[in-house]
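Thanks, everyone. Please have a look at the next slide, and then I'll walk you through it.

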Amino acid sequence: MEPALQLTGVSRHVQEMTLLKAQLSYHQGDAEQAAHLVDSIAGEANLLEFRDLVRFKTLREMLAARRRPAGRRLRELAAEVQMARMPDLSAEVWRAAAESLSGEEIQQAPEPESA
């Protein structure tokens, strides 16, 4: 399917397929591959429709959360989507923000004292 998409598909469809592959890689635990795929479409992400663009930004922030806190940016994105009156998409972003926050708390948690 990919060779045919590369040959006959419009650029937006190629970006959508790459985003789906990045999401799949991320959920399968291959963050490095997901980051590579996200980086490969970053310059043309504006070709994506709003829903896919939000999912792209969410995934990019989730990947960035491995290096720096992303909770604030994800909350801002969730609020933006909420204002666009897209509750299902907003819920996806809020979930990502919550997961990011719990990861940040785990990273910042003090070491337990040994007895």
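Which residues are linked in a network of salt bridges? They are Arg12, Glu16 and Glu49. Keep in mind that this is a predicted model.

Let's take that network apart. Glu16 pairs with Arg12, and their closest N and O atoms are 3.1 Å apart. Both sit in helix α2, four residues apart, about one turn of the helix. Arg12 also forms a salt bridge with Glu49, at 3.5 Å between the closest N and O atoms. What about exposure? Arg12 has a relative accessible area of 30%, so it is partly exposed. Glu49 is partly exposed as well, at 44%.

The whole structure has five salt bridges. One of them joins Arg51 and Asp88, with the closest N and O atoms 3.2 Å apart. This pair, too, links distant parts of the chain: Arg51 in helix α4 and Asp88 in helix α6, residues 87-108, 37 residues apart. Arg51 is partly exposed at 30%. Asp88 is partly exposed at 42%.

Now the overall layout. The chain has six helices and zero strands. There are 115 residues, and 36% of them are buried. Look at contacts with a separation of 6 or more: 51% of them come from residues 24 or more positions apart. The accessible surface is about 7600 Å², and carbon and sulfur atoms account for 53% of it.

On to helix α3, residues 31-41. Ala35 is placed there. Is Ala35 buried or exposed? Its relative accessible area is 18%, and the cut-off for buried is under 20%, so Ala35 is buried. Ala35 also has a C-alpha to C-alpha distance of 7.4 Å to Arg60, 25 residues apart in sequence.

The buried residues of α3 are Ala31, Ala34, Ala35, Leu37, Val38 and Ile41. They cover an arc of only 165° around the axis, so they lie on the same side of α3. What do they pack against? Their partners are α2, residues 11-27, and α4, residues 50-64. Turn to the other side of α3, and Glu32, His36 and Asp39 are exposed.

Back to α2 for two residues. Gln15 is in this helix. Gln15 is buried, at 5% relative accessibility. Its side chain makes a polar contact with the side chain of Glu44, at 2.5 Å. Leaving out residues up to four places away in sequence, Gln15 touches Ile41, Glu44, Leu47 and Leu48.

Ser25 counts as buried, at 11% relative accessibility. With the same exclusion of residues up to four places away, Ser25 touches Asp30, Ala31, Gln33, Ala34 and Leu37.

Last point: confidence. The mean pLDDT of the chain is 76, and 72% of its residues reach 70 or more. Where is confidence lowest, and where is it highest? Lowest is helix α1, residues 2-8, at a mean of 60; highest is α3, at 90. Over residues 104-115, the pLDDT is below 50. Beyond near neighbours in sequence, that stretch has four contacts in the model. Where pLDDT is low, the predicted coordinates should not be read in detail.

That's it from me. Over to you.

Key: Residues numbered from 1 in each chain as written. Predicted model: local features only at pLDDT ≥ 70, side-chain atom pairs only at ≥ 80, totals over all residues. Heavy atoms only, no water. Buried < 20%, exposed > 50% of the residue type's maximum accessible area, 1.4 Å probe, protein only. Arc of directions from axis to C-beta. Contact = heavy atoms within 4.5 Å. Areas by Shrake-Rupley, 256 points an atom, 1.4 Å probe, with all protein chains shown as cover. Polar contact = N/O pair within 3.5 Å; in protein donor to acceptor, adjacent residues only side chain to side chain. pLDDT = per-residue confidence, 0-100. Salt bridge = Lys/Arg side-chain N within 4 Å of Asp/Glu carboxyl O.
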